[in-house]
Amino acid sequence: MRVAVIGVGILGAAVGWNLSRQGAEVILIDAAQPGEGVTNWSFSWVNASNKTVTRAYYELNVAGLVACRELAAAIGPSSWWYPSGHLRWTDDPAAEARLLETAELLAAWGYGVEVRTGAEARRLEPALALPDEAPVVFYPDEAWVHGRRLVGRLVGQAAAERRFGAGVREIGTGAGGRVEAVVLSDGSRLGVDAVVNAAGPSAAQVAALVGRRLPMRREPGVVTRLSCADVPIGRVMHAPHVEIRPDGDASVVLHSREIDALIDTGEEPAELGRLLHASARRVVPGLGGARVGETRVAFRPIPGDGFPSVGAVPSVPGYYEAVTHSGITLGPVIGRLLAAEILGGKRDDLLDGFRPERFTP
């Protein structure tokens with residue numbers, strides 16, 4: 001079976017790797033270079049603790065955690081997989097109550113969670129500045145991922161044709177509306193049996209090529225990287241007003257929903273990066289001497305109802321979607337489940353409720 005995967009971020013790379021392992025003839029297509037889009041400019045936190053809006057979505061993300069660990073065992077963990085846990089605390093009493101309530105819920109669901117004091121948290125992260133008695137929630141099974149390196153590892157191990165630097169301008173269909181070709185922006189026409197739309201923020205445009213409307217949210221996020229000679233923290237954390245994690249290569253990644261809210265006010269990315277740095281050094285004073293590197297605003301690939309769109313679209317035989325936020329957590333499990341569906345027609349129960357046909361008019 002010849003399958004074109006459109007978009008080679010973490011979702012596309014995981015789908016392509018799984019397909020190639022199972023004997024499919026895979027074509028990886030990206031208008032830019034693998035892993036350099038949203039995958040490289042996300043917070044890259046592997047978790048299910050922030051996914052409790054429905055039990056089904058939580059269970060899918062738990063499966064994602066398991067699949068990430070299995071992937072690390074399969075391809076080797078070096079340079080991309082960092083299972084060092086996650087710390088979370090706040091300075092707002094109402095938010096603190098919600099944080100502890102969520103921790104209690106997750107514990108009842110069997111998720112790994114511990115509530116510690118600030119003093120205990122500093123035994124894990126001595127560089128932190130936080131009150132001794134502040135409640136800090138620790139999720140020991142969570143992790144962070146170096147997304148670009150993971151994509152590079154998957155692409156490097158996949159037996160696939162690579163078409164990078166050219167986007168898709170047409171998806172050709174034949175009898176019964178079945179997908180039969182993709183046409184690239186350089187004029188190349190590639191015969192295929194199926195296509196996977198893993199185009200992230202551009203997924204709606206790719207869906208339109210087969211006459212499909214895929215509603216997407218507009219949710220930009222700003223991420224900045226700090227360069228520092230010595231990285232003073234060892235794990236991902238949600239601190240008051242800022243999210244911080246190591247990034248390898250003597251750097252730290254910062255994000256904040258509060259700063260995201262300023263994106264549409266006209267503030268330049270450099271100023272948003274400065275504000276993120278100011279918030280981070282209040283939590284980790286050792287970051288005061290770090291230098292703000294590149295800051296990037298990226299658009300999260302979130303379908304209209306906030307949940308993944310994964311699987312076949314019955315009205316367009318041979319067309320599949322793999323579009324979701326939290327691709328770092330969900331990429332490995334979606335890659336495995338979607339490859340099984342494409343090659344064997346098996347629709348896994350984990351994906352019930354996340355099927356693309358829910359958006360079909």
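Q: How many aromatic pairs does the structure hold?
A: This predicted model holds eight aromatic pairs.

Q: What makes the pair of tyrosine 58 and tyrosine 111 edge-to-face?
A: Two values settle it. The ring centres are 6.0 Å apart, and rings pair if their centres lie within 6.5 Å. The planes of tyrosine 58 and tyrosine 111 stand at 65°, and planes over 60 degrees apart count as edge-to-face. The pair is therefore edge-to-face.

Q: Which parts of the chain does this pair link?
A: Distant ones: tyrosine 58 sits in helix α2 (residues 55-75), while tyrosine 111 belongs to the loop between α3 (93-108) and β6 (114-117), 53 residues apart.

Q: Why does tyrosine 58 count as buried?
A: Buried means under 20% relative accessible area, and tyrosine 58 has 2%, so it counts as buried.

Q: How do you know whether tyrosine 111 is buried or exposed?
A: Check its relative accessible area against that cut-off of 20%. Tyrosine 111 has 10%, so it is buried.

Q: Why is the pair of tryptophan 80 and tryptophan 81 called tilted?
A: Their ring centres lie 5.7 Å apart, with the planes at 45°. Stacked needs planes under 30 degrees apart and edge-to-face needs over 60, with the rest tilted; the pair is therefore tilted. Both tryptophan 80 and tryptophan 81 are buried.

Q: Which residues form one aromatic cluster?
A: Tyr58, Trp109, Tyr111 and Tyr139 do. One of them, tryptophan 109, has arginine 55 lying over its face.

Q: How do you know that arginine 55 is within reach of the tryptophan 109 ring centre?
A: Arginine 55 is at 4.4 Å from the ring centre, and the distance cut-off is within 6 Å. Arginine 225 likewise lies over the face of tryptophan 41, at 4.6 Å from the ring centre.

Q: Why is serine 42 called buried?
A: Its relative accessible area is 18%, and the cut-off is under 20%. Serine 42 is therefore buried. This residue is found in the loop between β2 (25-30) and β3 (45-46).

Q: What makes the link between serine 42 and serine 44 a polar contact?
A: Their side chains are 3.0 Å apart in this contact, and the cut-off is within 3.5 Å. Leaving aside residues up to four places away in sequence, serine 42 touches Val223, Arg245 and Ile328.

Q: Which elements each supply at least two residues of the lining of the second largest pocket?
A: They are α1 (10-21), α2 and α9 (327-344). The lining residues include Trp17, Glu70 and Arg336, and about 170 Å³ of space lies in this pocket.

Notes:
Residues numbered from 1 in each chain as written. Predicted model: local features only at pLDDT ≥ 70, side-chain atom pairs only at ≥ 80, totals over all residues. Heavy atoms only, no water. Helix = DSSP H or I, 4+ residues; strand = E, 2+ residues; numbered from the N terminus. Buried < 20%, exposed > 50% of the residue type's maximum accessible area, 1.4 Å probe, protein only. Lys NZ or Arg CZ within 6 Å of the ring centre and 35° of its normal. Polar contact = N/O pair within 3.5 Å; in protein donor to acceptor, adjacent residues only side chain to side chain. Contact = heavy atoms within 4.5 Å. 1 Å grid on protein atoms, 1.4 Å probe; cavity = no way out; pocket = protein on both sides within 12 Å on 5 of 7 lines; lining within 4 Å. Points joined across faces, edges and corners; volume = space filled by probe spheres on them.
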